[in-house]
Amino acid sequence: MGFFNFFCFFIIIFHVFVATPIFSDSNNNEHTSSSISTKFLDLAKSPEVFDWMVGIRRKIHEYPELSYEEFKTSEVIRAELDKLGISYKHPVAETGVIGYIGTGEPPFVALRADIDGLPIQEMVEWEHKSKVDGKMHACGHDAHTAMVLGAAKILKQHEDQIKGTVVLVFQPAEEGGAGAKRVLESGVLDKVSAIFGLHVAPVHELPVGHVASKAGPLMAGSGMFDATIHGKGGHAAMPQFAIDPVLAASSIVVNLQQLVSREADPLDPQVLTVANFHGDGAFNVIPDSVTIGGTFRAFSTKSITCLKKRIHQVITGQAAVHRCTAEVDFHEDKKPLYPATINDDKLHEHFLEVAKKVVGNNNVHGMEPVTVSEDFSFYQEALPGYFFMLGMQSLTGEPLQSLHSPHFTVNEDALPYGAALHASLATTYLLNHDGANKVGGKYHDEL
């Protein structure tokens with residue numbers, strides 16, 4: 001590289017990372033917000049931040065850990081926070097990490113990343129394939145973690161200009177372990193006024209640089225159940241001497257489907273699926289018992305609670321009709337009922353304003369509610385929260401595989417957009433806190 005080119009390169013890098021203040025002293029918050037959003041995306045796309053995020057994401061991807069076992073992942077996060085000079089609390093909810101950037105004083109706004117993997121054998125052959133048999137980051141949590149760290153790196157460079165405190169929530173056990181509930185119970189978010197989260201979306205309709213969300217119900221609440229139906233085993237040729245649990249369980253499955261089709265309001269979406277059915281024995285043996293299990297989902301606490309009650313009644317009642325007994329387990333000790341993910345109306349307005357400045361007006365989309373669940377909803381029960389989808393699809397590449405697929409991949413070109421959106425949503429929320437703090441009918445000092 002010639003001296004002149006080297007000199008120009010140095011000046012550009014110096015200008016981007018050191019010289020330019022991001023927060024204007026102007027009283028025009030709209031102008032300031034636009035300036036923040038543009039600058040943050042430029043920073044996130046710079047090699048210093050982008051390559052760093054990619055490296056972290058790949059390091060985490062190679063060693064996925066299941067719920068409440070994210071010890072190495074937590075070490076990686078804490079090591080990077082230490083390098084950045086960001087203070088944190090650990091452990092929170094066993095393996096979680098909570099970081100702090102800013103004044104350390106109110107107002108507080110949080111950014112959340114889930115950090116756990118899934119019990120799936122990765123089938124994608126690439127340099128950074130999972131090195132742990134039977135475990136994989138097949139839901140993008142490695143990318144979520146890298147993007148919140150990317151936002152942290154950007155924000156730390158401008159910490160003296162942050163008008164409050166940004167709380168970084170690296171949460172364990174999203175995949176069925178209700179880690180968000182445990183984080184809330186720890187009390188570390190008691191003073192937080194709002195929280196933001198995202199999920200990568202490997203769908204054709206949402207390319208890189210695009211986002212989607214909506215106000216109100218976004219994702220369903222959910223629960224799970226298992227039931228054991230007890231009868232009396234016997235020879236299949238002489239059913240009169242047996243009490244057939246297979247027949248009872250079959251009747252239960254059919255009648256459970258009627259809870260949605262005949263009892264639920266057609267304008268109140270609900271799902272009830274029996275996903276497994278097991279009876280031990282040979283082709284000519286009626287078993288002593290049968291087990292079934294499944295999931296139920298709805299968009300309100302009332303509907304979820306009602307479904308749970310009726311599931312228990314139908315299973316025990318139909319078992320009794322067929323001279324059997326039944327035990328029903330909703331496993332709430334391991335996986336409590338997940339509430340619906342419901343986006344705050346005021347934060348939706350904030351998201352639209354910020355996202356349009358980060359990714360452009362035409363790249364911000366609405367979406368229909370979906371019946372998958374997300375434990376971010378626990379935060380939203382306690383404080384105003386907002387969750388959105390981040391596009392990953394390349395316009396020229398092959399379609400991405402679905403979440404929880406052993407062939408799932410992350411398009412790392414999406415990382416800068418997630419990091420910039422996180423940083424912009426947090427800083428502009430703090431900048432406009434006098435208005436935003438009224439979300440949910442409370443001021444911060446009342447929390």
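The following conversation examines a predicted model of a protein chain.

Student: What is the mean pLDDT of the protein chain?

Tutor: The mean is 91, and 89% of the residues reach 70 or more.

Student: Over which residues does pLDDT stay under 50?

Tutor: One such stretch is residues 1-20, for which the model has 11 contacts beyond four places in sequence. Another is residues 434-447, with 24 contacts of that kind. Where pLDDT is low, the predicted coordinates should not be read in detail.

Student: How many helices and strands are there in the protein chain?

Tutor: The secondary structure comprises 12 helices and 16 strands. Of contacts between residues at least 6 apart in sequence, 80% join residues at least 24 apart.

Student: And what share of the residues is buried?

Tutor: Buried residues account for 52% of the 447 in the protein chain. The chain exposes about 19900 Å², and carbon and sulfur atoms supply 55% of that area.

Student: Which residues have the most contacts inside the largest nonpolar core?

Tutor: They are Val166, Leu168, Phe170 and Val211, in a core of 72 residues. Helix 11, spanning residues 415-431, gives the most to this core, with 11 residues.

Student: What is Phe170 in contact with, leaving aside neighbours within four places in sequence?

Tutor: Its partners include Ile77, Leu81, Val97, Ile115, Val148 and Leu149. Gly96, Ala113 and Thr145 are also in contact with Phe170.

Student: Which residues does the second, separate core include?

Tutor: That core has 28 residues, among them Val92, Val167, Ala201 and Phe387.

Student: Turning to aromatic rings, how many aromatic pairs are there?

Tutor: The count comes to 8. One of them joins Phe376 and Phe387; the pair is tilted, with 5.1 Å centre to centre and 40 degrees between the planes.

Student: Where in the chain do Phe376 and Phe387 lie?

Tutor: Phe376 belongs to helix 10 (residues 376-382) and Phe387 to strand 16 (residues 385-391), the two being 11 residues apart.

Student: Are those two buried or exposed?

Tutor: Phe376 is buried, at 0% relative accessibility. Phe387 likewise counts as buried, with a relative accessible area of 0%.

Student: Which rings are linked into a cluster?

Tutor: Ring pairs join Phe225, Phe296 and Phe330 into a cluster.

Student: Last topic: how many disulfides does a search of the whole structure find?

Tutor: The search finds 0 disulfides.

Definitions and conventions:
Residues numbered from 1 in each chain as written. Predicted model: local features only at pLDDT ≥ 70, side-chain atom pairs only at ≥ 80, totals over all residues. Heavy atoms only, no water. pLDDT = per-residue confidence, 0-100. Contact = heavy atoms within 4.5 Å. Disulfide = S-S within 2.5 Å. Core = buried A, V, L, I, M, F, W, Y, C linked by side-chain atoms within 4.5 Å. Buried < 20%, exposed > 50% of the residue type's maximum accessible area, 1.4 Å probe, protein only. Helix = DSSP H or I, 4+ residues; strand = E, 2+ residues; numbered from the N terminus. Areas by Shrake-Rupley, 256 points an atom, 1.4 Å probe, with all protein chains shown as cover. Phe/Tyr/Trp six-rings, centres within 6.5 Å; stacked < 30°, edge-to-face > 60°.
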